[in-house]
Amino acid sequence: MRVYIETYGCQMNEYDSLMMGTILKAQGYSITSTPEDADVLIVNTCSVREKPEHKVFSAAGRLRKFKEKNHGKLIVTGCTAQQIGEEFIKKMPYVDAVVGPHYTQQIDDILDEIDRTGKVVKTSFLNSPMERFRKKFSPSLIRGVSAYVTIMEGCDNFCTYCIVPYVRGREISRSHQDIIEDIRHLISEGIKDITLLGQNVNSYGRKDPDEWDFTRLLEEVANIPGVKRLRFITSHPKDMSDEIINLFKKYTNIVPYLHLPLQSASNRILKLMNRKYTVERYFNIVEKLREARPEIALTTDLIVGFPGETDKDFEETLKAVEKIRYDNFFSFKYSPRPFTKAAQFPDRVPPETAQKRLEILQSIQRKITLEKNREKTGTIQEVLVEGKSKKNPLEISGRTPCNRIVNFPGPTELRGKIVKVRITEAYQNSLRGELLKEKVIA
Ligand code: SAH
Ligand code: SF4
Ligand code: F3S
C-alpha cells in the first residue's frame, strides 16, 4: 500500500505530514512522491489566506481521478479541513475524510474508520490536545544537517486578521524533557543546526506553572554540546523580552538572525490588528537587538491593505522599512478570513490600492536586500555546507549564520561542515565566495 501526501502552508503542516507519514510507515505503508500509484491520497491544507484555501479545492479535484482509478482513499487534513469541516464532503463527495490538525496523529485509526463506516469528519477540538505530542510520534523535520523541532503550537493571540487560532486551536507546549531529549538525539545523529518551531515560541510553557519558560528553554538548548547553530521561529514582538535579547549576547551559537513580524508600522492599524505593541516599542526592541548583536539579520511579515489603512498609514510602514532596513521580508495583501474580527471591519481597501502598496514595498525591499548583500562582499563568513549548489553542479552551497545562501567552488565532502568562505560577489538572493584553505571549523 502506498501513501501520497501533498503539503501546503507552514512548517506546522510539514511537521504534521511527516508525523502522518511516520505513523503510516509503521503500519506497513510506503510513501510515494507520485499520486498516480497511491492507495491513500492526503492533502494537508492551509487557510491563512484565500489563495492557499483555493489551492485545496483544485488539489482535491486533481487527485480525484487517482483515487477512483486505484479504488483508494482521498483525505483532506489541516487548517482548511478544520475551517470547512463537513461542508467539504458536501462540496466534494469523493473526499473520504476531513481531518483537523488535532487529529492528524490518529490517521491510522481514521483509515480503519473509513473502511468501517464510510465518510469520516474529525474537526472538534480535542480536550487534551497534548495527545498530539505523544512521544513516539514526534519526528523532527530534518533538512540535511538542519532540524526543526516543534516546541509549541496553536495560538492565543487572536490578531484580528488571522484564522490560525480558530483552525489550530489554543496554545499547547511540549514538555521540555521531550524537547531536550529530541535535540540530544538529533545531535548524536550528526545534526548541527536546530530551529525551535512554534506559532508563537515566546509563549512556550506559559500555561503550565511547572514548565520552563521560553528563556530557560532557549538557554538550556544553547548549552547542549554539539548545537552549533540555534534559531527560533516565530516570535511575537509583544513577548520579546530583554532576557531573550540578552541571550543573543551571551550565546554565540544562537545565530544572529530573527524573524520578528511587524505587520504594520501605523499604531492605529496595529491597534485594529490587536497586535498589542506600538511601533515605538518595536523600534526599541530592534535597537536593543542590534546592540546585543550588531550583525543580526532581521526579517519580518507585513500586511498591506488592512481595512481602514490609509495612504498615511502605509507611509508609516514604508518609513519603518527604510529605517529598520530588514534583510528581507514576506509581504501580503490583506485577505479577509472566516471567523476573524477584521472580516467585519468597515473601510475595505480596494484590491488595486493594496496591490500598488505591495509593489512599492517590495521594490524598496529588493533594493535594500541587494545593498545588504553587497555589504557582505569582502567579508569572511562561517558557512555551514548543505551540499551541491542548485545553480552550478560544480559548486557547493551553504548558509551563513544570518541564513544567507553562499555558493562557492569546493568538494561535496564538506557537506555538514562549517567552513570559512571569503565573499566575492553579491546577488539579489545569494552570495558567491571562495573557500579559505584549511578552514574547516567544525
Ligand atoms: N504565528 C506566526 C505566523 C502567522 S501566519 C506569526 O504570528 O507571525 C504568517 C503571516 O501571514 C502573518 O505574519 C501575517 O503577516 C500573514 N497573514 C495572516 N493572516 C493574514 C490575512 N488574513 N491576510 C494577509 N496576511 C495574513
Ligand atoms: Fe495569527 Fe497573530 Fe497568532 Fe500569529 S500571533 S498566528 S498572526 S493570531
Ligand atoms: Fe496555514 Fe495552518 Fe500554518 S493556516 S500557515 S498551515 S497554521
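## Aromatic pairs

Rings of Phe, Tyr and Trp (its six-membered ring) pair if their centres lie within 6.5 Å; planes under 30 degrees apart count as stacked, over 60 as edge-to-face and the rest as tilted. In this predicted model, Y161, F306, Y334 and F345 form one aromatic cluster. The structure holds nine aromatic pairs. One of them is F158 with Y166, an edge-to-face pair with 5.3 Å between centres and 75° between planes.

Y166 also pairs with F339. Their centres are 5.8 Å apart and their planes at 35°, so this pair is tilted. Y166 lies in helix 6 (residues 164-168), F339 in the loop between strand 15 (328-333) and helix 13 (351-375). The two are 173 residues apart. Helices (H or I, at least four residues) and strands (E, at least two) are DSSP runs, numbered from the N terminus.

## Exposure

Partly exposed lies between buried (under 20% relative accessible area) and exposed (over 50%), with a 1.4 Å probe and protein chains only. F158 is partly exposed at 29%. Y166 is partly exposed, also at 29%. F339 is partly exposed at 47%.

## Charges over rings

A charge sits over a ring if NZ of Lys or CZ of Arg is within 6 Å of the ring centre and within 35 degrees of the ring normal. R49 places its charged end over F332, 3.7 Å from the ring centre.

## Basis

Residues are numbered from 1 along each chain as its sequence is written, and chains are lettered from A and ligands numbered from 1 in the order in which they are written. Local features need pLDDT of at least 70, side-chain atom pairs count only at pLDDT 80 or more, totals for chains, interfaces and linings use all residues, and side-chain values use heavy atoms, leaving out hydrogens and water.
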